[in-house]
Amino acid sequence: MKRLGLYVHFPFCKNKCAYCDFYSVVGHNNIDKYIDALMLQCEDYSASCEPYAVDTVFLGGGTPTIVPEKDMLQLIDCIYEHFHVTVDAEVTMEANPATVNLSQLKKYHKAGINRLSIGVQSACDAELRALSRIHTYGEFEKTYKQARKAGFDNINLDLMYGIPEQTLDSFKDTLEKIVALDPEHISLYNLKIEDSTPFGAIRDSLPLPDEDVEFEMYEYAIDYLTRHGYIQYEISNFAKPGYECKHNMKYWTCQEYLGLGTAAHSYFRNTRFSFIKDIDSFVSAIEDPDNSDVITDENYSISPAERVGEYIMLSLRLKSGINTAEFNRLFGMDFDAMYEDLLPAYVENGFMDKTAAGYAFTPKGMYVSNYILSSMLEFSSEIDKNIANGKDK
Ligand code: SF4
């Protein structure tokens, strides 16, 4: 049976964090209607997913843990009913501290959720306030302990660096406190200021750490987490051996996934598509089959040229880097020749390592990977065009 990852989006939050540009809405009144729409979508997709074994499920948001317990349990049952979820599937729910209690966590665990991803971001309350998070570090700790008590033995904690007023010392303190809790997985993201967010509007007056300090934080985290038994397997992700996030690995290794719900993205049967970013329009399109043509935002098959670009971009996100022999075999091209003017300089300047299989970013390269990847993809655009026109194959 083919393998599939299933993502379900819950676009609700208690408060909008100042940096967040994910699609989520505060104070929505009809969560139950949205859950009904999701259940209809599960039903709709069950036939096309018949040949697939679903080995990862990710309930993300937004804040899934503000969905009323009864609705959430119904939806989880519905997923198990309509898809072939494997017995050893990784089933993750994102949770915000202080939005879920012990009794709910026990029920979700019993219903089949076996991995929890908690957004803590920092152990410093002033930094949490600066981000407009709704919880304190103490509240997070309580949620974490409850999760352990409820039986969760696979927990991810999301952390952030580059927060306003954050210092190298306060970041070190956060890492120390988080590692002392012994989570199986840690995601560490650099705060990016997006134009569409409240932070975007005051970008120039934000007291952000300077870039050198941010890089020191990142480098320190790689060293500290490695010394404490976490393996960095992706630019922003660290795990104890065997606890790498299987669902996210699907995104980075170009495997198929189906995203249900408003704003959810899919790569399914060689097509990429996403659903509209509007809860009410999404619900009415699901309820009324006459509106079903307005439900997708994007819908396109992936051209060979795009596949090359994605493969390069996603493989290099991984610590293992790109396997050039595999690349050459898959695309009938020579990776070294394509980048003969760029790669030696990246290696010489300490941004990339030449590995046994190909190339991988060093910590310094990972920190600026967005810039490097965009120049690599720009550089290969001509070749991509040739592939698209069938000239190189
Ligand atoms: S809780 Fe998460 S999804 Fe909601 S606003 Fe904050 S960062 Fe965004």
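Me: Which residues of H1 and H2 meet each other?
Reply: On the H1 side they are Ile31, Asp32, Ile35, Leu38, Met39, Cys42, Glu43 and Ser46, and they meet Asp71, Gln74, Leu75, Cys78, Ile79 and His82 in H2. Contact is taken as C-beta atoms, placed from the backbone, lying within 7 Å. Helices are DSSP runs of H or I with at least four residues, strands are runs of E with at least two, and both are numbered from the N terminus.

Me: What is the model, and how are residues numbered?
Reply: This is a predicted model, in which local features need pLDDT of at least 70, side-chain atom pairs count only at pLDDT 80 or more, and totals for chains, interfaces and linings use all residues. Residues are numbered from 1 along each chain as its sequence is written.

Me: Back to the helix pair. What is the angle between H1 and H2?
Reply: About 5°, with the axes of H1 (residues 31-46) and H2 9 Å apart. The axes are lines fitted to C-alpha atoms over the stretch in contact, and the angle runs from 0 to 180 degrees between N-to-C directions. That makes H1 roughly parallel to H2; angles under 35 degrees count as roughly parallel, over 145 as roughly antiparallel, 65 to 115 as roughly perpendicular and the rest as oblique.

Me: How does the contact of H1 with H2 divide by residue class?
Reply: Into 8 nonpolar, 3 polar and 3 charged residues. Ala, Val, Leu, Ile, Met, Phe, Trp, Tyr, Cys and Pro count as nonpolar, Asp, Glu, Lys and Arg as charged, and the others, Gly among them, as polar.

Me: New topic. Which residues are around the ligand?
Reply: Cys13, Lys16, Cys17, Cys20, Phe22, Ser24, Gly61, Gly62, Thr63, Asn96 and Gly119. By class the shell has 4 nonpolar, 6 polar and 1 charged residues.

Me: What kind of peptide bond joins Gly61 and Gly62?
Reply: A cis one, with omega about 15°. Gly62 lies in the loop between strand S4 (52-61) and helix H2 (69-82).

Me: Where is Glu165, and what is its phi?
Reply: Glu165 is in the loop between strand S7 (155-161) and helix H6 (168-181). Its phi is positive, about 70°, although Glu165 is not a glycine.

Me: What are the domains?
Reply: The domain assignment gives domain 1 (2-251) and domain 2 (304-388); such bounds come from an automatic or database assignment. Their centres, taken over C-alpha atoms, are 29 Å apart.

Me: How many residues are in contact between domain 1 and domain 2?
Reply: 8 residues of domain 1 are in contact with 7 residues of domain 2. On the domain 1 side, helix H8 (211-227) and strand S9 (231-234) are the elements that give two or more residues. The largest share, 4 residues, comes from H8.

Terms used
Contact = placed C-beta atoms within 7 Å. Near = placed C-beta within 6 Å.
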